[in-house]
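Please keep the sequence and the structure in view while reading the points below.

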Amino acid sequence: MTRTLYDFARHKEFDKLILRTRTHPKEVQYKDEFGCVALHWLASWNAPLDVIEAVYEIDPNHADLKNCAGTTPCDAAVFNTASDNIIRLLQKGACKHEPLANLPSSDQTIELKQSLSSILADAEIQKEKDAKIIENLRSDLEATKQEADVFHAKAAAVKDKEVERTQKIEMLLEEKIALQEKVIRLEEEKHTISSNGGVKREFGGVENHAAEDSLSGNIAKKMKMEVMKELKVEVDKIMEKKMNDMLQSRIASLAAKNTSS
């Protein structure tokens, strides 16, 4: 994640901030949820004069910009006993209509300073909360990934079992066909032996039975193909249902956590 001019000001990274003012001056306009811009933070930190000048020169009007507590960067510099040079610089854009003699009273200064400290404390608390939320999301993502891996492993195991079952069915069907063919051959041999021995016997229509058995063999092959198709459809349905159930469960869990937080 790219850090901005505001981030450098808030975290006292002054060298990086000066470089950022040269490459991304428009970032000086960023205002946080408390109404503070980079100049508010620099004045609060008693930043070096050259750092404050680098930001101030981009937009001098920020010297008189009030945050949610009604505090300007000029006020913050006075409250934090900044140097006279810094105060004079900020007064060019903020307090030129208001001489130093008319600065707030000591009680007002204390109150405003406390207000600013409260805002800073709230900002840190919010930062910690955001970090915790991000950490929880990362944990949830990792847990979801692990569950997905387990599900895929189980789905692969189910698929392997179904493949094994299909192979067994194929073997049984092939054995059945082989037995039918063997019966046909035995009947034919029996018929041949009887004919050669001159014995006239009735075999109950062996030729008809052989034709029927051959027909049965074709039917068995078709049944085998149908069974394999049905098994594949069933396996696909089972895997799709398990995947959908898992995803729905995970979505519900994440939604419940977000609601509770």
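A residue is called buried when its relative accessible area is under 20%, exposed when this area is over 50%, and partly exposed in between. In this predicted model, 30% of the 261 residues of the protein chain count as buried.

**Overall architecture**

- The protein chain contains eight helices and zero strands.
- Read from the N terminus, its elements therefore follow the order α-α-α-α-α-α-α-α, where helices and strands are DSSP runs.
- The accessible surface of the protein chain amounts to about 17,700 Å², and carbon and sulfur atoms account for 55% of this surface.
- When contacts between residues at least 6 apart in sequence are considered, 71% of them join residues at least 24 apart.

**The largest nonpolar core**

- This core comprises 34 residues, of which Leu17, Leu39, Leu42, Ile52 and Leu90 touch the most other members.
- Two or more residues of the core come from each of these elements: helix H1 (5-10), H2, helix H3 (38-44), helix H4 (49-56), helix H5 (73-79), helix H6 (84-93) and helix H7 (106-196).
- Helix H3 gives the most to the core, with five residues.
- Leaving out residues up to four places away in sequence, Leu39 touches Ile52, Val55, Tyr56, His62, Ala63, Pro73 and Leu90.

**Arg20 in helix H2**

- Arg20 is located in helix H2, which spans residues 14-23.
- Is Arg20 buried or exposed? Its relative accessibility is 14%, and because buried means under 20%, Arg20 counts as buried.
- The side chain of Arg20 forms a polar contact of 2.8 Å with the side chain of Glu27.
- Which residues does Arg20 contact, leaving aside neighbours within four places in sequence? They are Thr2, Arg3, Thr4, Leu5, Phe8, Pro25 and Glu27.

**Asp7 in helix H1**

- Asp7 belongs to helix H1.
- The relative accessibility of Asp7 is 22%, so this residue counts as partly exposed.
- Asp7 and Trp41 are 34 residues apart along the chain, and their C-alpha atoms are separated by 9.9 Å.

Note on methods
Residues are numbered from 1 along each chain as its sequence is written. This is a predicted model: local features need pLDDT of at least 70, side-chain atom pairs count only at pLDDT 80 or more; totals for chains, interfaces and linings use all residues. Side-chain values use heavy atoms; hydrogens and water are left out. Helices (H or I, at least four residues) and strands (E, at least two) are DSSP runs, numbered from the N terminus. Buried means under 20% relative accessible area, exposed over 50%, partly exposed in between (1.4 Å probe, protein chains only). A polar contact is a pair of N or O atoms within 3.5 Å; within protein, one must be able to donate a hydrogen and the other to accept it, and residues adjacent in sequence count only if both atoms are side-chain atoms. Contact means heavy atoms within 4.5 Å. Accessible areas come from the Shrake-Rupley method with a 1.4 Å probe; for residues, only the protein chains shown count as cover. A nonpolar core is a set of buried Ala, Val, Leu, Ile, Met, Phe, Trp, Tyr and Cys residues joined through side-chain atoms within 4.5 Å.
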